[in-house]
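Please look over the complex shown below.

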Amino acid sequence: MALEIQIEKKLPEFTLDVSFKAGNAPLSILGPSGAGKTMLLRCIAGLERAHRGRIALDDRVLLDTDRHIQVRARDRRVGMLFQHYALFPHRTVAENIAFGLKNLPREEQARRVTALLERTHIGGLEQRYPRELSGGEQQRAALARALAIEPDALLLDEPLSALDTHLRSQMEAQLQETFAAYRRPALLVTHNIEEAYRLGEQMLVLSRGRVAAFGAKEEIFRRPPTLEVARLTGCKNFSRARAISENTIEALDWGCKLRVTQAPAGPVAHVGIRAHHIDFVEAGGSGAPDGNVFPCWLVRSSETPFRITLNLRLHQPPGEPGEIPAAELQAEVFKEKWQLFRERPFPWHARLAPESLFLLAE
Amino acid sequence: MVPVTLFAQITASLPMDWSPLWISLETSVVATLVTLVAGLAAAAWRQRRTGPAMALVDGVCLLPLVLPPTVVGFFLLLLFGRNGPLGKLLLKLGATVVFSWPATVIAASVVAFPLMYLTARAALEQVDSRFLEAARTLGASEWRVFRSVALPLAWPGVLAGTILSFARALGEFGATLMLAGNIPGKTATIPIAIYFAVEADDVQRAVGWCLADVAISLALLGGLYYWTHAQGRARWVRR
């Protein structure tokens, strides 16, 4: 089954204008708040009307504005998991799940509900009301309800955002299990980079209503096509840049020349490196045959349980006259590694490995 | 129904015309049912529409609340009278509404309608639209969305509207007098009986009916409060 989408919808701030095709693998839709992610799902589900475009599930056309086809939400057979579950509060879990099965005989309904409860690991809770369930259980019940109609596509709107960390990883496992068995187009909207990476096979980055990147997730993270996508996929360090030779560029904001492996495809506008790719080497540069090692001074640091984030000033101690204001990097290292060099005197030596640098065209 | 029949037997044995009590109750119950259906339908219809024309719809729906009941009664008289558009139509079918028992129901329904309409609309608007959308993605028709999701969730508000409508219907006087008149045993409700008792200087009778009215209202409101309160605690929690 393939879900083909090509829609335009005018929104107050911008126009949602996307086209892509989702196959039988889960697709993560990543984007900042207000990028139009939820609106996109609502258009596919038929809860919002796109001004122009076409949506089709294989040969089944759900929307075609040229041919004046607009299938009602109730006839689309597109399952939707809402951000805050939207379980009917006046119905038990079993009644919620059976809501979409009204046309089946009673025994068949009961059989399916039991099977779905099992699939979502909430057997025994069928007689509870939603408000008697934990967040995770509610989410599972909502998932079971959406799957009950055997939808041709599944849309999940921020499915994990309302859960705490512990439940989140459990629910993530549930979703992975569900996707593995479902094998039909599944679109998952999130603003959490790690969630998007873990749950999707394909990825679509949405920014102000437009597709900023679409493709295999590994590729998008390894080589973000634009500055915007690099930022949205969590990259912290950028500098304006210009090419000097085939494998040398000048990073204007960082005030240095860098060797790169990747030959610039077109005119280079920016260079970037992810915080955890910045390496620290001994002075003298024994482990850095290709250069790209620069002296740096610590500006501030902040700790998480296992990692430390270091804000570094390149070339000279912070606060000295003549410094380049933008020549600052954010590095992230495991604490074990940090223990090895934290006592060293400044300057430390940061290495920006050529294979970790990515060049961005404008 | 046992207490009611028992009560009817007792009242029948007392040397007094109890018909206003029964007329009032029957009228109010029927009018409340009419209002409930009409008010809900109008509120549900109106809820999904916007535009300048809707301001006019709202205005017309709320008019009976704003106008003095005598004015409402007079309009109804024009509408249902021998020369009125509806009156003529009904006359052709061999029915006269004016000064008949149905006239008391019509008057009470029209006057109570705005209260039902307003509360039902507010209650339906309170329902989180995500529940309705979820129902739609699960294949429910609009009627099923309304009956199985919107209405149960709006029920406390709708119930409040029903109580208000019943209270308003029970107390209806002006429009009823205009359209249904004062025909003892047929259209004379308690408020009308009180008015004419006072007119006839029958203070004792007037006080009797006033006390009866107070008793009915208290019993009704108390009963409803108890019922909704008991229900409210049990709502949507496993039995």
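## A hairpin and its sheet

β13(A) and β14(A) make a hairpin, and four residues lie between the two strands. A:Gly255 sits in the turn and has a positive phi of about 65°. This is a predicted model. The two strands pair in the antiparallel sense over four bridges. One of the paired positions is A:Ile249, whose bridge partner in β14(A) is A:Leu258.

β13(A) also has a partner in strand β12 (residues 237-245) of chain A. Four bridges join β12 of chain A to β13 (residues 248-251), and these strands run antiparallel. Here A:Ala241 has A:Ala251 in β13(A) as its bridge partner.

These strands belong to an open sheet of five. The order in chain A is β14-β13-β12-β15-β21, with antiparallel pairing. Which strands stand at the edges? They are β14 (256-259) and β21 (358-360) of chain A. Each has a single partner strand, so one side of each is left without a neighbour in the sheet. From one strand to the next, the twist averages 40°.

Strands of a sheet pair through backbone hydrogen bonds, in either a parallel or an antiparallel way.

Strand β18 (residues 307-314) of chain A is joined to β19(A) by seven bridges, and the two run antiparallel. Within this pair, A:Asn311 has A:Gln330 of β19(A) as its bridge partner.

The loop between β18 and β19 of chain A contains A:His315. Is A:His315 buried, exposed or partly exposed? A:His315 is partly exposed, because 17 other C-beta atoms lie within 10 Å; a buried residue would need 20 or more, and an exposed one has 12 or fewer.

What does A:His315 contact, leaving aside its neighbours within four places in sequence? The contacts are A:Gly255, A:Phe294, A:Pro295 and A:Ala327. A:Gly255 is the turn residue of the β13(A)-β14(A) hairpin. A:Pro295 is 20 residues from A:His315 along the chain, yet their C-alpha atoms are separated by 5.3 Å.

## Another hairpin

β10(A) and β11(A) form a hairpin with two residues between them. In the turn, A:Arg208 has a positive phi of about 45°.

| Strand pair | Bridges |
|---|---|
| β12(A) and β13(A) | four bridges |
| β13(A) and β14(A) | four bridges |
| β18(A) and β19(A) | seven bridges |

## Chain A as a whole

Chain A has nine helices and 21 strands. Its C-alpha atoms fill a box of roughly 80 × 50 × 35 Å, taken along the principal axes. Of its 362 residues, 41% count as buried.

Chain A is divided into domain 1 (3-224) and domain 2 (235-362). The C-alpha centres of these two domains of chain A lie 40 Å apart. Among contacts in chain A between residues at least 6 apart in sequence, 65% join residues at least 24 apart.

## The A-B interface and confidence

How many residues of chain A are in contact with chain B? There are 21, and they are in contact with 17 residues of chain B. On the side of chain A that touches chain B, the largest share comes from strand β7 (residues 78-81) of chain A, with three residues. The residues on this side of chain A divide into twelve nonpolar, four polar and five charged.

The predictor gives the complex an ipTM of 0.82 and a pTM of 0.82. Chain B has a mean pLDDT of 88, and 90% of its residues reach 70 or more. Where in chain B is confidence lowest, and where highest? Helix α1 (residues 2-13) of chain B is lowest, at a mean of 65. Helix α7 (residues 129-137) of chain B is highest, at 95.

Key: Residues numbered from 1 in each chain as written. Chains lettered and ligands numbered in written order. Predicted model: local features only at pLDDT ≥ 70, side-chain atom pairs only at ≥ 80, totals over all residues. Pairing = 2+ DSSP bridges. Axes fitted to C-alpha atoms, helices over the stretch in contact; angles between N-to-C directions. pLDDT = per-residue confidence, 0-100. Domains from an automatic or database assignment. Contact = placed C-beta atoms within 7 Å. Nonpolar A, V, L, I, M, F, W, Y, C, P; charged D, E, K, R; others polar.
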